[in-house]
Amino acid sequence: MKRRDFMQMTGMGMGALMLPSVPIFGNSVSSEYLLEPGIDVALKKRYADIALNATKSKGATYTDVRIGRYLQQFVFTREKQVQNIVNAESFGVGIRVIANGTWGFSATSDVTPEGIAKCAETAVAIAKANSKFQKDPVVLAPQKGVGEVSWKTPIKKNTFEIPTSEKIELLMNVNGKAMENGAGFVTSNIFSVNEQKYFASSDGSYIDQDIHRIWPTFTVTAIDKAAGKFKTRGALSSPMGMGYEYLDGLASEKIAGPNGTVGYRSSYDMVEDAILAAKQAKEKLTTKSVLPGKYDLVLDPNHLGLTIHESVGHPTELDRVLGYEANYAGTSFATLDKWESKKFNYGSKLVNIVADRLQPHTLGAVGFDDEGVPAKEWDIIKDGILVNYQAIRDQVKIIGGKESNGCCYADNWDSVQFQRMPNISLRPGTEKRSVLDMIKGVEKGIYIIGAGSYSIDQQRYNFQFGGQVFYEIKKGEIVGMLDDVAYQSNTQEFWNSCTQICDKDDYRTFGSFFDGKGQPSQISAVAHGSATTRFDGVNVINTGRKI
Amino acid sequence: MAVLSKEEAKQIIDKVLAFSKADETSANLDGSRTGNIRYARNSVSTSGETTNLSLSVTSVFGKKSGTATINEFDDKSLEKTVRRAEEIAKLAPENPEYVGMLGQQNYLDIKSFAASTDAINPDFRAEAAFKSIDPCSKKDLTAAGYWEDSTGFTAIGNTKGLFGYNAATSVDFSITVRTNDGLGSGYAVRDVNDVSKLDVALATEVAIQKAQASSKARALEPGKYTVILEPTAAVDLLRNMMGSMDGRNADEGRSFLGKKGGGTRLGEKLFDERVNIYSDPQNLEIPGSPFGGGGGRFGGGGGGGGSDGRAQEKVVWVENGVVKNMYYSRYWAEKKGVKAIPPPSGFIFAGGNESLAEMIKGTEKGILVTRLWYIRAVDPQTLLYTGLTRDGTFYIENGVIKYPVKNFRFNESPVIMLNNLEAAGKPMRQGGNLVPPLKIRDFTFTSLSDAV
């Protein structure tokens, strides 16, 4: 029973740049309904056992059961009005089995003993039917059962308990302040998600998790009608694994940057950012167009996160490396021989990329993944060398791995879980260095803040990134803003041009709330931490055109 | 039973509307069965089938509206859903842009349902996957593909007397074939309403040939080249442009159709005079939907809540290079005193009779592009997009394909591209649109990619 609508964001004035469409799961309900508790954990265990017994009796050699209640609240506004409020609930059970050495999956919204038993039988029947195409039987890396456990995102304020009127008030204030400061148009949104998911497997795990995520964001547009020009500036917030406390705007979580810019750690001041965004969008209307050429780039964490996502996150997904995504997302240049050589210079010696599902406040933080593997941390790139991938239980076994590193995720109970990206972050530098210190050392460069246009090939060699705000650096100083900037590079060349990384005091996370992958497409949420980082001699193009 | 007949659907909708106590109420009923099979490494990786029948009720008091959805259809559940929608509406903030619901419309009769597709079962899908995997494994190639078929309906109705029903079927198939040394890759994609018109083996053969022919590509310097964009490559840039023809954005000065000094570029010649783009929901090759303005998957173009019920008609968007129409929300059209044309569900780029092979024959020097990939907007002001070629890029000299070339990154605007039009061939269905292969001069490639 699948119901998934895609809300076209272009019609909402969000611009096609970042959000082509937003998936909405399940049924529209009232905001009060979202606060009602789901079924209790003892009942979930009883239901899970019904499925585990049913599949076993039909010949399954492995089974996992996910009983999930997925809640979404999305608030959309523009200027002085609310455009839409989405309150949605999706509840059901997904059962995955191995029978005849082949995966089978079935899902149902009929969460009753009869419904679950029937669904379990279907999953086994599908596995058996598909087994005639299976060349090698599926083998899972071992995972010891963890018994009955629970995990909850450590939130201070449950977003769903905050009255919708309070959220609207905040967004109206954001819009109003942006308009007062020069915006012609503004759209603002708060996306909130709560996954109440129960996982049980034939390994002996019964895991109850309550996961919260939030993303406040906006786009400000400044217009010069006489010149027929418009410029936008998007929010510098990050989607977080937090509650509504992310919007407290605590001074202690702000990092003052050059030219009045502000970096936000785990607390965001949306109104302050909207005011600055309006001023910057207006300034962009008359800003000088960049001269193409080689520049040293100083990349803010709110920008670099997306570059990490595309050029390190995706190519080190083991399913892509093995060819499972060849028809859609693509494969990877980070092939097994490069990893096996233990000599592949992905980046300069300064580059240490770590994968984790543990960092507090991040989108990727969980207790366990969707096949019952406990959250952990591991190195992907160590001192510039490719040392590992992101893997799940069956695929890690294909490359001779001993255990999964916990990267399995499904975006809903009716989606089959597969390999998704954990947090992938660049470790901060060990030497004390602020952004200003870094800029001081740059002769000819560009300081880029915020994520803009992004594109990369299907094996993740060649990429192009834009940004939100660009500052020209000359002889160690910022001399003004630039426009029409995009940089093009090759992943290995780019990461080998990394020459300086600011220290942990500048470390912040960026995130992707709706990262798409797979056929049929699923979303996932993932964070990327870094401190401001310098890359030398990167090719910058001018994107200005006349039509 | 997920696919209801018109009469069955109307019965449920009438019942729902009879429960209404609001100023206005609309109901949107969607039913479908969707099946898929996915394979990679010459083996099936996932497959499944889901059915759904879902009712969405929107109640309106003044300018406040609320929506509730449900999957149960007994009288009690239907009434409960109407009451819930009404409660949500009462608590909702007022929408100053709310426009009252439409009365009955004249919907076109559209043949978007095929019994052959409706009859697809898991064995049929498995057979399709086999037809695609088998020739690849026999030639020592690796196939990865995806098949998804749907059968379903959308019914809409409201308390102003509007009722509409449409049933539709669809199949989407795509296949990537790679050489086992990783040096060649080919691709083919097809979409149909009627599965009897889909030849999986033939599409796979195209991908096989491209994979084999693209192996060991040579590097050419990036720069401006004459290109032939196959329909699969051309469709994405054109679709992005068609998706940017919203009248409100143009009026507000934040669109490529906004004009210096205010106003829009409606009526201006923006493209080569051979550019003609229109939409026709009754076109037999790409049957569209009878109703637009956001509708269900089997009825309208868009999703994101019920259709506003506007009837889709034949619309000319670009004629002889001149922008003839833009689409509007009902609110903005009313404010501007123009016809509220909804966005189309698919578009037709009028071409000629020349085949792709003939176009290649007539090309002195150029690049043949199979497909574009990872296309993202760079500048919404000029509709500048970036992306890369993928799965088969070839150098043409004196009318023949000379050798495969490495993939390029492009930075190009469809507006500039359609001013540099050299020729348009015979249109082919692509993602619900009809698009010809396009020969374009001075297409801008900005860098090389090592990706295969």
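Start with chain A as a whole and its contacts (two residues whose C-beta atoms, placed from the backbone, lie within 7 Å). Of those with a separation of 6 or more, 75% join residues 24 or more positions apart. What you have open is a predicted model, in which local features need pLDDT of at least 70, side-chain atom pairs count only at pLDDT 80 or more, and totals for chains, interfaces and linings use all residues. Residues are numbered from 1 along each chain as its sequence is written, with chains lettered from A and ligands numbered from 1 in the order in which they are written.

Next, select residues 205-224 and 229-234 of chain A, which are strands E9 and E10. They pair in the antiparallel sense over six bridges; pairing here requires at least two DSSP bridges between two strands. The two strands form a hairpin with four residues between them, and Gly228(A) in the turn has a positive phi of about 65°. Look for Asp224(A), which stands opposite Lys229(A) in E10(A). E10(A) is mostly covered, with five of its six residues buried.

Now move to the interface. Here 78 residues of chain B are in contact with 62 residues of chain A. On the chain B side, strand E2 (residues 43-61) gives the largest share, eleven residues.

Follow E2(B) into its sheet, an open one of six strands in the order E3-E2-E1-E4-E5-E6 with antiparallel pairing. Strands E3 (64-70) and E6 (185-192) of chain B stand at the edges with a single partner strand each, so one side of each is left without a neighbour in the sheet. For a close-up, select E1 (residues 24-40) of chain B, which pairs with E2(B) over 17 antiparallel bridges. Asn28(B) stands opposite Ser56(B) in E2(B).

Finish with two helices of chain B. Angles run from 0 to 180 degrees between N-to-C directions, with axes fitted to C-alpha atoms, for helices over the stretch in contact. Helix H2 (residues 75-91) lies across E1, E2 and E3 of chain B, at about 150° to E3(B). Helix H4 (residues 122-138) lies across E1, E2, E4 (141-158) and E5 (163-179) of chain B, running at about 150° to E4(B).

How values were computed. Buried ≥ 20, exposed ≤ 12 C-beta atoms within 10 Å, placed from the backbone.
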